[in-house]
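Visitor: Please take me through this entry, and set each label against the rule behind it.

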Amino acid sequence: MTTAVLYDQLGPRGRRRVVLGSVLAYVAIAGVLVAAALQLEEKGQFESRRWSNLADPELAEFLAKGLWANVKAAAVAMVLALVFGAFFALGRLSRAAVVRVPATAVIELFRALPQLLLILAAAIVLPRYGFELPVFVYLIVGLTLYQGSVLAEIFRAGILSLDRGQSEASYSVGLSYGQTMRLVVIPQAVRRMLPSIISQLVTLFKDTSLGFAIGYEELLRRGKFATVSFGESLLQIYLLIAVIFIVVNIGLSRLARWLEGRQQRKYGAAGAAATVTGVEDLAVLDTK
Amino acid sequence: MDAVLDNLDAFGAGLGETLKLSLISFIIAMLIGFVIASFRVSPVAPLRAAGLVYVEVFRNIPLTAFFALAVFGLPKVGLTISFFTFAVTVLSMYTGAFISEALRSGINTVATGQAEAARSIGLTFGQTLLVVVLPQALRTVVQPIGSLFIALAKNSSIASLFAVVELTSTFDQLTDQESATLPLLLGTIVCYLLITLPAGAATAFVERRVAFKR
């Protein structure tokens, strides 16, 4: 109850006001919904033929394959982005400037660009230089470069959040830099970073819909195809797609939160307080 | 490099459009964020619920899917506005959800004593929020809000898929005419950096100015 502090335990007058406010709010919300419904009704969007198409098994299968394409792209890009991120995070943390400077430049560059531009650039530039690849690959390239750079920053923040005493102690018992990283720092840092990594992966799933731009047949692109044969259900199909994405993403976020909670119970609140938050993509800003 | 130099005016126009789109959407998103954040901490339960639904919906819908729903779907219910207005609407509603979350996390960092003191001298909920809590909350969220502006500027590239001619569509169109794609890409990258780097620097500057010790 972090917010309750903004107002007192309500007295009789306060309660009356809140009741009045609630009534007004309900009326306003109902008003918006009714106005939207009337508009939909007037344009005939509630006619059953428009909605019954959604139950068409062929359409369902067509769209399900699209969603599967999103999952596939997300899975492949996730693995590659994690590898990319780990590689460049370690590079940026390196003590040798020849490694650190280029790694920093790569991370900062790709983080500063729109993902869509990276995906389009892969799809436009690579073929000009003789790399004719499936659109799936262009999508993966764009997603990996961007998400990998964001993950690299999450990794770096996680490693830096660790108390210096840990690595100092490890050096003092004679472990090398590599051993310190591998045996002492990374195992602890990963535990702290896990919630941020998972929310970034949820964002990654959401971003696979950018495949739409280059004709990768994911859910949204397939939805657009479907509106050609089911023209009368155009609005309904796009609504369905939005709902599918929202439900899947909320499910994934819940999973992330559950993992975070489990981690808190396992390692105590101290570990959770040190959790790395908010390097970039803002799903991370979420609290409760 | 000729490909870039010959098309400087196109790049300039694209950069201008991206900036315009980002700035207008950002201002509206801030307003939406303020309203939704105050809903979410309000004593009125239905407003809290409405705020929660808004945030959950718009944070979880892919921006591309939201664009498609608005641009292709809304004309079916008789709403026809320019592509630019569609883009501003979609971008600001989407970003508004993230801004409200940033503000809310800022509100949570304000020490409870502040709100308690405000209440004890008789300020109402609205006064407590507007005069005491939000001004302090804002200082702590300069960094996240700055990142949200940068994210918005990058996200505005998605408008290129829906008939707004900004930087990314400029790049896309020019690659059809010119054979040298790599210089065009570099030019586009430089244009985006012209937005994101100063925005990052401005954020850091503002944060230094408003930071205070607790």
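**Labels and their grounds**

Guide: Helix 3 of chain A and helix 8 of chain A make a right-handed crossing. This is a predicted model, in which local features need pLDDT of at least 70 and side-chain atom pairs count only at 80 or more, while totals for chains, interfaces and linings use all residues. Residues are numbered from 1 along each chain as its sequence is written, with chains lettered from A and ligands numbered from 1 in the order in which they are written.

Visitor: Why is the crossing of helix 3 and helix 8 of chain A called right-handed?

Guide: The rule looks at how the near helix is turned from the far one by less than a right angle: anticlockwise is left-handed, clockwise right-handed. By that rule this crossing counts as right-handed.

Visitor: Are these two helices of chain A parallel or oblique to each other, and what makes them so?

Guide: Helix 3 (residues 57-93) and helix 8 (residues 177-207) of chain A pack at about 135°, with axes 9 Å apart. An angle under 35 degrees is roughly parallel, over 145 roughly antiparallel, 65 to 115 roughly perpendicular, and the rest oblique. The pair in chain A is therefore oblique. The axes are lines fitted to C-alpha atoms over the stretch in contact, with angles from 0 to 180 degrees between N-to-C directions.

Visitor: Which residues of helix 3 and helix 8 of chain A make the contact?

Guide: Helix 3 of chain A brings A:Asn70, A:Ala74, A:Ala77, A:Met78 and A:Ala81, and helix 8 of chain A brings A:Leu201, A:Leu204 and A:Phe205. Contact requires C-beta atoms, placed from the backbone, within 7 Å. By class there are 7 nonpolar, 1 polar and no charged residues (Ala, Val, Leu, Ile, Met, Phe, Trp, Tyr, Cys and Pro are nonpolar, Asp, Glu, Lys and Arg charged, the others, Gly among them, polar).

Visitor: What makes up the secondary structure of chain B?

Guide: Chain B has 10 helices and 0 strands (DSSP runs, H or I of at least four residues for helices and E of at least two for strands, numbered from the N terminus). Along its principal axes the C-alpha trace of chain B spans about 70 × 45 × 20 Å. Of the contacts in chain B with a separation of 6 or more, 78% join residues 24 or more positions apart.

Visitor: How are helix 8 and helix 10 of chain B oriented, and how do you know?

Guide: Helix 8 (residues 142-155) and helix 10 (residues 181-210) of chain B pack at an angle of about 165°, their axes 9 Å apart. That makes the two helices of chain B roughly antiparallel. Their crossing is right-handed. The contact includes B:Gly146, B:Phe149 and B:Ile150 from helix 8 of chain B and B:Ala199, B:Gly200 and B:Thr203 from helix 10 of chain B. Its class counts are 8 nonpolar, 5 polar and 1 charged.

Visitor: And what makes helix 3 of chain B oblique to helix 5 of chain B?

Guide: The axes of helix 3 and helix 5 of chain B come within 8 Å and cross at roughly 120°. That makes helix 3 of chain B oblique to helix 5 of chain B. Here the crossing is left-handed. B:Tyr54, B:Val55, B:Phe58 and B:Arg59 in helix 3 of chain B meet residues of helix 5 of chain B, among them B:Met93, B:Tyr94 and B:Glu101.

Visitor: Why is B:Asn7 called buried, and B:Ala163 partly exposed?

Guide: A residue is buried with 20 or more other C-beta atoms within 10 Å of its own, exposed with 12 or fewer, and partly exposed in between. B:Asn7 has 21 and so is buried, while B:Ala163 has 13 and is therefore partly exposed. B:Asn7 sits in the loop between helix 1 (2-5) and helix 2 (8-40) of chain B. Its C-alpha atom is separated by 9.7 Å from that of B:Thr170, 163 residues apart along the chain. B:Ala163 is in the loop between helix 8 and helix 9 of chain B.

Visitor: What is the phi of B:Ala163?

Guide: B:Ala163 is not a glycine, yet its phi is positive, about 70°. Most residues other than glycine have a negative phi.

Visitor: How do you know that helix 4 of chain B is mostly covered?

Guide: Of the 11 residues in helix 4 of chain B, 9 are buried, including B:Leu63, B:Phe66, B:Phe67 and B:Val71. In chain A, 21 of the 26 residues of helix 6 are buried, so that helix is largely enclosed by the rest of the structure. For chain B as a whole, 48% of 214 residues count as buried.

Visitor: How many residues of chain B are in contact with chain A?

Guide: 56 residues of chain B are in contact with 52 of chain A. Among the elements of chain B that each supply at least two residues are helix 3 (45-60), helix 4 (63-73) and helix 5 (83-109). The side of chain B that touches chain A has 33 nonpolar, 15 polar and 8 charged residues.

Definitions and conventions: Two residues are in contact if their C-beta atoms, placed from the backbone, lie within 7 Å.
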